[in-house]
Amino acid sequence: MKVFSNSETFNYSWEEVSTANWRKYCPWNEKSTHVIAVDTISRSVDPDTGILRTERLITCRQSAPDWLKKMMGGGMEESQVFETSYVDPRSKTVTMVSANLTWSNLINVQETVVYRPLNDHQTQFEQAAQITALCGGWQRIKNSVEDALVKRFRENAVKGKEGFEAVLAMSRRVFAEERERERMMLLQAQAPNIRLAAAA
């Protein structure tokens, strides 16, 4: 088993991050083109805790090393991941737990991601993944498979931060524009009353 861990700081509030998280794989993110589909399976809110629980199926398309394709018998272009997320508004945490569905009889990948506030303007991102090759054979082969997946996690972590930063920046801009639009509409609606008051 190999372990990959990563920690990042985003200079955005937890509210901004937890909202933008749902748009992580949208067209604003040019670094996540390997994610070709995100399907929401279920979504519910616990009436006692207020925790939002969501189940999603994420489909990715990434090329695997040729030697790994040969060993697995090909067909590794697309893979599916099952993700369960929990948004806790009281403790201000977003926790996402995911596991691979594709090739799960040969490779087991368990990943946990947590977003929590550092302060009013910063959010901490923590990622941990356990990668275990279940394929029979020499330990050397298992190590090679696990090392290849750790390398892929490391590469995706860099792209993931860059892509999510772009999503966060666009979200902030769009929300600011929407707030300004609503303010202008309110002023337009109040304009006749303001003119009447000024004329009185």
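**Salt bridges, strand pairing and a loop arginine**

The side chains of Arg-56 and Glu-83 come together in a salt bridge, with 2.8 Å from N to O. This pair ties together distant parts of the chain, since Arg-56 sits in strand β3 (residues 52-61) and Glu-83 in strand β4 (residues 78-88), 27 residues apart. Both Arg-56 and Glu-83 are buried. The model is a predicted one, and its salt bridges come to ten.

Another of these links Glu-146 to Lys-2, at 3.5 Å from N to O. Here, too, distant parts of the chain are joined: Glu-146 belongs to helix α3 (residues 139-199) and Lys-2 to strand β1, 144 residues away. Glu-146 is buried, because its relative accessible area is 2%, under the 20% cut-off, whereas Lys-2, at 22%, counts as partly exposed. Asp-147 joins Lys-2 and Glu-146 in a network of salt bridges. Within helix α3, Glu-165 and Lys-161 are four residues apart, so about one helical turn separates them; their side chains form a salt bridge at 3.1 Å, N to O.

As for the strands, β1 (residues 2-10) runs antiparallel to β7 (residues 123-133), joined by nine bridges; Phe-10 has Thr-123 as its bridge partner in β7. Five residues lie between β6 and β7, which form a hairpin.

Then there is Arg-23, in the loop between α1 (14-20) and β2 (35-45). Arg-23 is partly exposed, at 30% relative accessibility. Arg-23 and Ser-171 are 148 residues apart along the chain, yet 8.7 Å separates their C-alpha atoms.

Conventions
Residues numbered from 1 in each chain as written. Predicted model: local features only at pLDDT ≥ 70, side-chain atom pairs only at ≥ 80, totals over all residues. Heavy atoms only, no water. Helix = DSSP H or I, 4+ residues; strand = E, 2+ residues; numbered from the N terminus. Buried < 20%, exposed > 50% of the residue type's maximum accessible area, 1.4 Å probe, protein only. Pairing = 2+ DSSP bridges. Salt bridge = Lys/Arg side-chain N within 4 Å of Asp/Glu carboxyl O.
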